[in-house]
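Please look through the structure shown here and follow the report from a surface patch to a sheet and then to pairs of charged side chains.

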Amino acid sequence: MCIRDRYMNSRNTASGSIKLINSLEVKKRPLKCYFFQIISENYNILNQTEALNLVEDLGFKTLKTNRFCKNINDVFDYNKLLNEALDLKKNEIDIATGKNKTLGLIFFNPSLRTRLSSYKAAHNLGMNVIEMNFDKQGWKLEFNNNVIMNSNKAEHVKEAAQVISQYCDIIGIRSFASLKNKKIDEKETIIKSFKKYGTIPVINLESSCYHPLQALADAMTINEMVKKKNPKIILSWTPHVKPLPHAVANSFINMANRLNYDIKISNPKGYNLNENITKGIEIINDQEEAFKDADIIYAKNWSSSVSYTHLRANET
């Protein structure tokens, strides 16, 4: 057996090495060990970023690619991420990966596909799952600092995030845009607060402005179903019974840009998305014209970015 084959299963190799008594024997093994968390009563660690900084100060190695990704644009190598996701889908997953780990799913808004797929993913990894519909099952949270909590908000996110961090190893947050105040929605207060005050990694299950997991799933579908190297993609506004947030459309655009897809947007006048996200992309108001020669049509509703109100297409 060659050396490479001996170390194919990194988890077994690492655990086997730890069990060895002879440190000189361990030293011979080509292992790289990275630390991402520290448990200590001697340090007041408020979040994972502080934990990583402390680990580095103590002389241990940490992954330099470790970062809080607010959206797809923060991912170092999106092509690599996509290929890893495709490989995971094709190959059998070792359920011991998530053994004795718990995923907390916190929903401030309804969810069907994201809820089920996240639960199934955790199950496939051997993880336990705790779900909470926070709008119905949890205390109403205060997110502002230096305020008197004498209204209907019984708990501050500082305490809630730390409590959840004690019972979970990773947390997924779903919190939609209110579509009432654009500046407030763009602050992404809820998911950023859990990242700031929690001590565990945070997954975006759809925030005010982004839905990165859906975009990754869309990228996987395009890769699997469309064999054309650079397909022509039309992101098209479509009617809905009520105006929807921009998160899905924003993340789809970011994904398409990262993968260098030929993407164009079709929407009625007055329904342009955030110009900082659509910069450099052709916007076509004539839907029939936009659909000509398209390889993929991605239909999605979104509210007006300009007025940020409940405008319908027939009102423009």
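In this predicted model, Phe60 sits in the loop that runs between helix α4 (48-57) and helix α5 (78-90). With a relative accessibility of 42%, Phe60 counts as partly exposed, and together with Tyr43 and Leu58 it makes a nonpolar surface patch of about 290 Å².

Elsewhere in the chain, four strands form an open sheet in the order β9-β8-β7-β10, and their pairing is parallel. The edges of this sheet are β9 (283-284) and β10 (296-300), each of which pairs on one side only. Strands β7 (residues 232-237) and β8 (residues 262-266) are joined in the parallel sense over five bridges, and helix α12 (residues 247-258) packs on the sheet, where it touches β7, β8 and β10. The direction of α12 makes about 155 degrees with that of β8.

| Salt bridge | Closest N to O distance |
|---|---|
| Arg174 and Glu206 | 3.4 Å |
| Lys228 and Asp295 | 3.2 Å |

Because Glu224 belongs to helix α11 (residues 212-225) and Lys89 to helix α5, their pair ties together parts that are 135 residues apart in sequence. Glu224 is partly exposed, at 29% relative accessible area, whereas Lys89, at 55%, counts as exposed. Arg174 and Glu206 are both buried. Lys228, in the loop between α11 and β7, is linked with Asp295, in the loop between α14 (287-291) and β10, across 67 residues; Lys228 is partly exposed at 47% relative accessibility, and Asp295 is partly exposed at 36%.

Definitions and conventions:
Residues are numbered from 1 along each chain as its sequence is written. This is a predicted model: local features need pLDDT of at least 70, side-chain atom pairs count only at pLDDT 80 or more; totals for chains, interfaces and linings use all residues. Side-chain values use heavy atoms; hydrogens and water are left out. Two strands pair if DSSP finds at least two bridges between them. Helices (H or I, at least four residues) and strands (E, at least two) are DSSP runs, numbered from the N terminus. Contact means heavy atoms within 4.5 Å. Axes are lines fitted to C-alpha atoms, for helices over the stretch in contact, and angles run from 0 to 180 degrees between N-to-C directions. Patches are made of residues with over 30% relative accessible area and no salt bridge: like charges are joined within 9 Å, nonpolar side chains (Val, Leu, Ile, Met, Phe, Trp, Tyr) within 5 Å. Accessible areas come from the Shrake-Rupley method with a 1.4 Å probe; for residues, only the protein chains shown count as cover. A salt bridge is a side-chain nitrogen of Lys or Arg within 4 Å of a carboxyl oxygen of Asp or Glu. Buried means under 20% relative accessible area, exposed over 50%, partly exposed in between (1.4 Å probe, protein chains only).
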